[in-house]
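Visitor: I am new to this structure, and I would like a close look at a single part of it. Could you take me slowly through the place where the chains meet, and through what lies around it?

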Amino acid sequence: MIDGDVLERVLSTATRRGAAFAEVFAEDRRSTGFSFDEGRVDQVTSGRDRGAGVRVVVGDTTGYAHTADLSEASLIAAAEAAAEAAGMGDGAARVIALDGAGPRRHPVGEVRIDPRSIPKDARVDLLRAADDAARAYDPQVVQVSAGVADSRRRILVANTDGLHATDEVTRVLFRVNVVADADGGKQTGYQSMGRTTGWEAFDEYDVAAMGSDAARQAVVKLRARPAPTGAMPVVIARGTGGVLFHEACGHGLEADHIAKDASVYAGRMGELVASELVTLVDNGSMAGEWGALGIDDEGHPTQHNVLIQDGILVDYMWDHLRARDAGRAPSGNGRRESYDCLPMVRMTNTYVLAGPHDPDEIVAATDHGVYIAELGGGSVNTATGDFVFGMREAYLIENGQITEPLREGNLIGNGPQVLADIDMLADDFAMGSPGTCGKDGQGVPVGDGQPTLRVSSMTVGGTAA
Amino acid sequence: MSADIADLVASLAAAAGPDEQIEAYASRGSSTEVRVWRGQVEHFVSAASEGVGVRVVSGGRTGFAYAGTLEADAVAEVLAEARENVAYGTADPDAGVAEPDGVEPVDIELWSDELDRFATADKIELALELERMVLAMDPRIRVDDANYIDGGGEMAVATSTGIVRHRRGNSCHVSVSTLADDGDETQTGFGYSIGDHPGEFDLEWAAREAVERATRLLGAEKPPSERTTVIFDPFVTAQLLSIIGSTLNGEAVVRGRSLFADRVGDVIASELVTLIDDPTDVRAYTATDVDGEGLATRRNVLIDAGRLDHFVQSTYSARRAGVVSTGNGVRGGYSSTPGTGCLALQLVPGARSRDDLIADVDHGVLVQSLSGVHSGVNTVSGDVSVGATGMTIRNGALATPVREFTVASTIQRLLTDVVEVGGDIEWLPSRAAGVSLVVRDVSVSGTS
C-alpha cells in the first residue's frame, strides 16, 4: 500500500517534535453484503474504506491524525498534525530505518476459496436456502431475514522501532433472524456463523440448518414463561457462554484498565481469582476463528496467551504502550476498528478449557435453576466487576431436568465472585458464534468458547415471583 | 480537496438513466477528541473523514455502494458498483428514493462559529479544568478519564427525483468518568455537559454529577427481589425512550416486527405519556432540519396522552403503509442506506422536581444507571430486563445504595405503568432527552 522509503520519511517527520515513538497504520478494506428480508433480496452493498493513521507518542501523551488519502503529501500532513497534537516540544527529526527485509507477515490460517471468486448469484442461493428452511420449520414463523457478508482487510504497520509488517484477513459472515407469532405475542430466533476464512466456511456450515434452528428457537419461545427472579444455580451450554468470561474477567484483564487501577483484577497477579477448574486463554492465532488475525493492529504477531491457569491469574493482555511501560513484550492484543481509531488493548478469541465433568451430570446435579442454551451479548463495569449478559434461549431446571422455556432477560453477577462460583466444568469444549466487542465506541470481531459449566449462584433478571 | 459536495451529489443524481433512480449522499467533516488523565493529555485525536454513498433503484431493485473518499475515480467506481448490485436485488414495487413533498425545512441554525473558532489549547484546558474540579470535590474520587469532544461538517443529498439538500452543523460536549474508593471497594460515576459551543458548558454540574453518582454508591448491596415502584433518573429514561421509539417504527410495523402494529388509535400508555420525536427542536443534541433522504424533518407526536397516534416513517415504509414520510429517514453516514427511525425523542415533562417525586414514594428504588440494554431488551417481544444501580427509597427519601440487581418488565407494561413524569427535562448527548420517570410494579431481582 505504501512504499518503505515513504514510510521512513513519514515516521521521521512524526518524530520532529521529540517523539519517543511514532507509527503509521494503513488499511484497505473491501466488503460485500447481501441482505434478504421478507423473501426478497432487499439490498446489495459494496464498500471500500482505505486510509492511514499516524500515531505519535511524546511522554505519556499520544497524538493521532488520519487521512483517507495515501499519497506521501497527505501522510506527511497527518504526521505533522499528530506530532503537533502530541506535544509542543521541539526536537530534531530522527532518521528512521525500517526492518530491511520488507514487511513481515505472520499469517494464521489460509483462504482456500476467495469470496471474490464466488458469483453474486450463489450468495442469493444461500440466503434463499436459509429462508426456505426457516419458513418450512413451522407455520408460526411469520418473518425471516438473513444476511451474508464478506470482507477483505489489508493492513500495513510501520513504527520508529523499525517494525514493518503487513497482514491480509478475509472474513465471511452469515446470519438468520426469525420472528414467530402466536396469540401470546411475537418471539425471535437468531443464528449466525462467522469465520476468518474464505468461502470454504460454507462447506462446513449448513445455512438451511441455521435457518431451521433459528426458527426452532423462535417457536419454542412462543410458549416461554417469565424467567424467575433472584439468585440461583445457572448451567450454560457449551460454545454459547464464552461471553460470560469475556465480561466477567476478559475486559478486566486488559492492561489499559489495569494501568489506571480501574479493574477488580489490578494488583492480583499470582492470586487465585477463579475456581481452580478455570484455565482462561486468549488466542488471536487460532486459525479460522472470528477473532483471528495474523498481526494485531500495531504490527505484533498474535499468539496464545494463558491469562488464568487453574484459577490463578498469570497474565494480562497488552498493547504496545502498556507493554512498553511495563518493560515486557506485547501480547498481540493491540487492535482498532479501522484506520481512523487509536489502538487499544482488546480481546481476540477468548476461551475456557475443558474440565472434568460430564455435561448431563451437571444438569442432573442441579435441583432448581436455569439452563441457558444460548447467551446473547453482555457488558461489564471493570472497576466494580459487576457484569450482565443476556439469555437468548433458556429453560428452567427442575429436579435435575431441563423443563420449560423462559422468556428473555439478563443475568447479573460480579466477575470475581462468579468465577469463584464455577463449581462444575464439562469435558465438551466448543467455540461459539461470532461476536462484536465494543469498547470506547470501537467494535472489533471476537470469538469465544467454553465447555458446559455451572455457576452455583447468579441473579436471574426475570419477572416471575 | 475535492469539489463542493452539493455539486458532487447533484451530478451523481443527474447521471440517472430513463429507467433508474439515483440517490447520492456525501459527507465531509472533522472531529477532535481530547482525553486527559492526571493533569496530562492522554490522547489527542484529530480526525477528518469524508465519503460518498450511492443508491440506485431500477425496476424495483436496489443496489448500493460506498467509499470512504471523495476522489473522483473512487466516486465513479461507487456509481458503477451500485448499478452492478442492482442486478442481484429482488423487485419490490415500493422501493425507490424520496420524492419532493413540498415541505420546506425549518430554519434552524445548527452551526456555531464560536465552536468552529475554539482553539485547540482551550479544548485541552477545558478537559483539564473538568478533571481538576472533580478531584477537588471529594477526596475519595479518582478520575478514569475526562474528555472534550467536538465534531462538525457538512452533508449533501440529492436524488434524481429533484431533491438537493446541503447542510452543515457542529456540536460539542465534555464528559468525565469517575471512580470512588472506600477501602477495597470501588464505585463508578459519570458526568457530562453539552452546548452549542463550549461557552454553554456547565462544568460545575458535570463534575458534581460525576462525583455524586460514584460516591453515593459506596457501600452498595444487592436489594431484595420484589415488585416495586421505580424512579428512573433522566439519563436512564433517555435510554428507555430510545427503546420505546424503536417499537414505533413504521418499517418494523410493515415488516411484521413491531409489537404495536394494528394499535394506532389505541391507548397504549398512561395518559401522562406524550412522546414526541422533534428534530426541529434546537435544544436536542441530534436536531436537524433535513433527514437522511433529504426530506424536511418535522415534529411528530407519536403517543398523545397515552394514545398511539402514528409511527415514524421513511419513504419506503410510508409507501408500503400507504401513508407519507414523516421525515424520519435515518442513516449512519455515507456507508449505509437510509433506514427508518426516531431522530430526537422527548417526553412532555410534568411539573414537579425529582425530590418531590421521591417524597411521594414510600417504598421503591431510584435507578441511576442501566447495563445490558442491548442484550436484555427484545423490541419484538417487548421483554425488558436490564442490570441497574441506584438507591432505595424509604418513606419518601433516598435510603441506601444498591447494585448488582436487575429491573424487568415489558415495554407494553412500562408504558401503561407510568405514574408520573418529572419536570426535570435534561438534554443529553443522545437521540433522546431525559426526564425523571416514575413507574409502578417493576420487578427488581436481587437477593432471593
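Guide: Two residues count as being in contact if their C-beta atoms, placed from the backbone, lie within 7 Å. Please keep in mind that this is a predicted model, with scores of ipTM 0.91 and pTM 0.94, and that chain B has an average pLDDT of 96, with 99% of the residues at 70 or above.

Where the chains meet, chain A brings 63 residues to the contact and chain B brings 61 residues. On the side of chain B that touches chain A, the elements giving two or more residues are strand S2 (40-58), strand S3 (61-67), helix H2 (72-86), strand S6 (185-195), strand S15 (383-394), strand S16 (397-410) and strand S18 (437-445) of chain B. Of these, S2(B) gives the most, with ten residues.

Turning to chain B itself, its domain assignment gives domain 1 (5-215) and domain 2 (220-448), whose centres, taken over C-alpha atoms, are separated by 23 Å. Between them, 31 residues of domain 1 of chain B are in contact with 28 residues of domain 2 of chain B. The side of domain 1 of chain B that touches domain 2 of chain B receives at least two residues from each of strand S1 (20-37), S2, S3, strand S4 (141-159), strand S5 (164-182) and S6 of chain B, and the residues of that side divide into 16 nonpolar, eight polar and seven charged.

As for the nonpolar cores, the largest has 198 residues, and the members that touch the most others are Ala14(A), Val24(A), Val54(A), Val56(A), Ala82(A) and Val370(A). Leaving aside residues up to four places away in sequence, Ala14(A) touches Ala19(A), Ala22(A), Val54(A), Val56(A), Ala79(A), Ala82(A) and Ala83(A). Another core, of 66 residues, lies apart from that one, and among its members are Phe202(A), Val52(B), Val86(B) and Met155(B).

Note on methods
Residues are numbered from 1 along each chain as its sequence is written. Chains are lettered from A and ligands numbered from 1 in the order in which they are written. This is a predicted model: local features need pLDDT of at least 70, side-chain atom pairs count only at pLDDT 80 or more; totals for chains, interfaces and linings use all residues. A nonpolar core is a set of buried Ala, Val, Leu, Ile, Met, Phe, Trp, Tyr and Cys residues joined through C-beta atoms within 7 Å. A residue is buried if 20 or more other C-beta atoms lie within 10 Å of its own, exposed if 12 or fewer, and partly exposed in between; C-beta atoms are placed from the backbone. pLDDT is the predictor's confidence in each residue, from 0 to 100. Helices (H or I, at least four residues) and strands (E, at least two) are DSSP runs, numbered from the N terminus. Domain bounds come from an automatic or database domain assignment. Ala, Val, Leu, Ile, Met, Phe, Trp, Tyr, Cys and Pro count as nonpolar, Asp, Glu, Lys and Arg as charged, and the others, Gly among them, as polar.
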